[in-house]
Structures are given as C-alpha cells and as structure tokens.
Amino acid sequence: VMTPRQIGTQQSGNVVAEVPGTDRDAGLVVIGGHLDSWDLGTGAIDDGAGVAITTAAAKAILDTAKKPRRTIRLVWWGAEEVGAFGGADYFKRHRAHPHAFVAESDSGADRIWRFDLKLPTGAEALAERLAKAMVPFGIPKGKDAPHGGADVALFVDAGVPVIDLQQDSSRYFDYHHTPDDTLDKIDPVQLQQNADVWSVMLNLVANAPEDLMAGPVK
C-alpha cells in the first residue's frame, strides 16, 4: 500500500562539501549519494548507506596530513526518488567546472565484489594501480560499461571518467522502497568493507598524476 500524495512542486536541495586539493587545474572528483527515500521506509539502504559510505571515504582523506591533488567534492543529492532532480540541478549549475571524475554509491551496503571503470586514454597506469589495490579485497576488474548512478548520469553521458564499485545486490530489492528499509538491515562488517574500498579508490583517483580531464562537459 503506497501512501504518497501529490502536493505540487516543492523545494529540495543538495548539500555540498569539499576536501580541498592542491591542483585546481587537475579537476574535481565528485562523489556522493542521495538524501531522500521512498515514503514507506527510512531509507537506510536507499540511500542512507551510500551517503555514509562516500562521506566516510572523503573524511578518511580529510583526516590525513596530506591534501589530495584534486579537490574532492562530496554531494548529498536531493530529490532523487522523484526524478533525480538534485543531480540534474547540480549538472546545470556546475557542468562548466572542470570535472575529472564522478562516482556514486546507491546500491545499499552489502560487499563490493567487482569494479567497472571508464578512464581516458593515457590513464591506463591508474587502471592498473586500481586493479592491484583491489586484490587484497578480492575485488576483480569487470568488463561492463559503468553508469555511475542516477545523480551523476549526465556527467557520465558527457564523457566524464567514472568508476562503478559494484555491490552485492542480492538482498537490495527485498528491502528498498519498502517499510523494511531500516538501519537494522545494514550489516556493519559489509558497510565497513564498502567504506574501506571507497577510501582506497578515492585516494588513488584524487592523487593520480595522470590527466583525467575528458574535455569540456557538454
């Protein structure tokens, strides 16, 4: 039984924070998740977990003594469930900024088991470093084209590099958009694995010496 009501156009918002980098010309690394949830549940899996995972990864870098090369922009997008309006608005406002990379966490909190990536020509060494860094986690490189997620899809379509950290979604559709999407469904061990993997990936991308700029975003 669904309970939403049509109440007309309302105002939402995005929350944006940054971990400052040292090289403005190297481009922005944008990560995050979406704030809103379906009306029946509290949205722990969809997408409180994604917000927490990406925030933890950004904070891990912020807490180190060394600034990253690229500025990391953490975005908590609003109004994803009703049409990805937060992501579209961010793209409209900020697409002229030099975006070097985007990634989103929006598939729950169960373990990451594979990664797919799209990097520009000349960044092959970064792809190799990423693959090597994932070995201790037992995470292989996949062959599928990454999509990024609803909130960053416009940047991916415009050619910005992206990595999908693929999560085990075997439980995801049992809970998301239902009254059972609550915090007790989050496995803390798997949640920690996500945060650790994201931290490793983010550190490598944010500090990569390779040129990741895919040209102006259209």
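Visitor: What makes the second largest pocket a pocket, and what is its volume?
Guide: On a 1 Å grid over the protein atoms alone, a pocket is an open set of points where a 1.4 Å probe fits, with protein on both sides within 12 Å along at least five of seven lines. The second largest pocket has a volume of about 210 Å³, counted as the space filled by probe spheres set on the points, which are joined across faces, edges and corners. This is a predicted model, where local features need pLDDT of at least 70 and side-chain atom pairs pLDDT 80 or more, while totals for chains, interfaces and linings use all residues. Residues are numbered from 1 along each chain as its sequence is written, and side-chain values use heavy atoms, without hydrogens and water.

Visitor: Which residues of its lining are nearest the centre of the second largest pocket?
Guide: A lining residue has an atom within 4 Å of a point. The second largest pocket has 13 of them, with E104, D106, S107, G148 and D164 nearest its centre.

Visitor: How does H177 count by relative accessibility?
Guide: Its value is 25%, therefore H177 counts as partly exposed. H177, also not a glycine, has a positive phi of about 65°.

Methods. Buried means under 20% relative accessible area, exposed over 50%, partly exposed in between (1.4 Å probe, protein chains only).
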